Amino acid sequence: MDPVRNPYAPGAGQRPPELAGRDDELQAFDVVLERIARGRPERSLVLTGLRGVGKTVLLNQLRSAAISRGWGTGKIEARPEQSLRRPISSALHMALRELGPRHGDQESVAEVLGVVKAFAQRVNAAEAKVRDRWQPGIDVPAATGRADSGDMEIDLVELLSDAAGVAADIGSGIALFIDEMQDVQADDVSAICAACHELSQQGAPLIVVGAGLPHLPAVLSASKSYSERLFRYLRIDRLERTAADRALLAPAEREDVTFEPAALDALYAAADGYPYFVQAYGKVTWDVAASSPITAADVAMATPVAEAELAVGFFGSRYDRATPAEREYMHAMAELGGSGGAAVATSEVAVSLGRKPASLSPARDSLIKKGLVYSAERGQIAFTVPHFGRYLLRHPD
């Protein structure tokens, strides 16, 4: 098999050659865009799921759908230590640049850009000392008295309302995409919820589309009690068998290559339906196969190679970020949860390690902040990465 023609693409946020199994989510988003275009009320959207299920890929695809309808869009990736003021300003600046040339009143657009600049530059004292020379790249004077109070909740409501007004003037909309949304700081989460609430009451054509780990709904709910009614939540999970097969077969057939049924059986068993793993195992299997059709024997030969690559790049890179205490905690989780990676009780982890639960809180909290585990429900903990428990059981040191 020619490795140059290998169609599979395992990568962080990299779109696979065949986006299989996400038709329902794409169709639902098309309905959201059409309803907003017709002045109908709609909720913002939140995608949740484990790592490797394709949340970022789907987020990018939804953004492409919005762009194809002439919407202004902007995307940011949240970071735990970073305020959203400047990322949101940059994202909205991008969205307004897309919409601005179609607006009949350029002075109005410039005024809103001035509000964006004022919002961006209203930082706290600590941020100002570090980045006092930062400029948002907006060639208009910063506005005064709008989105510059210093209160994130007040300022974000005013900012998004003004930006939505520009979109409404030309019969369009704005979609703001936030990846890794569980890492948004608490005050900023509250501000996003308040802004979405206000915009929905106004019927303004601006929506937020977030993506994050499974505990993201709990993060939002802890900020505002009405968040469960504010967003539409879509859980993104592993692919069903037919979709996983299509993800492999469709790109291969475009290269005049196919798979024997037994090979597809073996690949689904190895990848367990997780999109990242489907691509990873598919890529290595293609490279080791001698010719078409690809056989179960080819998959058997490729599996150890793919697992070795995942052990270094997908699992190992995450494990290496953990401290010795955090690794001890994760190994205990793996032993209790088994290779299936089931959620385990934090009290059971403490018993397994012969420690008091309170003494393990720092390690657990740090693992949550690093995005390696999440609180599945009160008193429960689980890995954010599928098959991570299996990896740890195979690599006890």
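Which residue forms a salt bridge with Arg 51? Glu 180 does, and the legends below look at this pair and a few other spots. The model is a predicted one, where local features need pLDDT of at least 70, side-chain atom pairs count only at pLDDT 80 or more, and totals for chains, interfaces and linings use all residues. Residues are numbered from 1 along each chain as its sequence is written, and side-chain values use heavy atoms, with hydrogens and water left out.

**View 1. Glu 180 and Arg 51 pair up in a salt bridge.** The closest N and O atoms of these two are 2.9 Å apart. Glu 180 lies in the loop between β3 (174-179) and α7 (186-202), and Arg 51 in the loop between β1 (44-48) and α2 (55-68), so this pair ties together parts 129 residues apart in sequence. (Helices, H or I with at least four residues, and strands, E with at least two, are DSSP runs numbered from the N terminus.) Both partners are buried; that word means under 20% relative accessible area, while exposed means over 50% and partly exposed is in between (1.4 Å probe, protein chains only).

**View 2. Glu 42 meets Arg 35.** Here the closest N and O atoms are 2.8 Å apart. A salt bridge needs a side-chain nitrogen of Lys or Arg within 4 Å of a carboxyl oxygen of Asp or Glu, and by this rule the count comes to 21. Glu 42 is partly exposed, at 25% relative accessible area, and Arg 35 is partly exposed too, at 31%.

**View 3. Arg 229 holds on to Glu 228.** In this salt bridge the closest N and O atoms are 3.9 Å apart. Arg 229 is exposed, with a relative accessible area of 59%, whereas Glu 228 is partly exposed at 43%.

**View 4. Negative charges gather on the surface.** Asp 105, Glu 107, Glu 111 and Asp 169 make up this patch. Its members have over 30% relative accessible area and no salt bridge, with like charges joined within 9 Å. One of them, Glu 107, sits in helix α4 (residues 106-121) and is exposed, with a relative accessible area of 62%.

View 5. Leaving aside residues up to four places away in sequence, Asp 162 touches Val 112, Val 115 and Arg 146; contact means heavy atoms within 4.5 Å.

Definitions and conventions. Patch = residues over 30% accessible without salt bridge, like charges linked within 9 Å, V, L, I, M, F, W, Y side chains within 5 Å. Areas by Shrake-Rupley, 256 points an atom, 1.4 Å probe, with all protein chains shown as cover. Lys, Arg positive; Asp, Glu negative; His and termini not counted. Charge placed at Lys NZ, Arg CZ, Asp CG, Glu CD.
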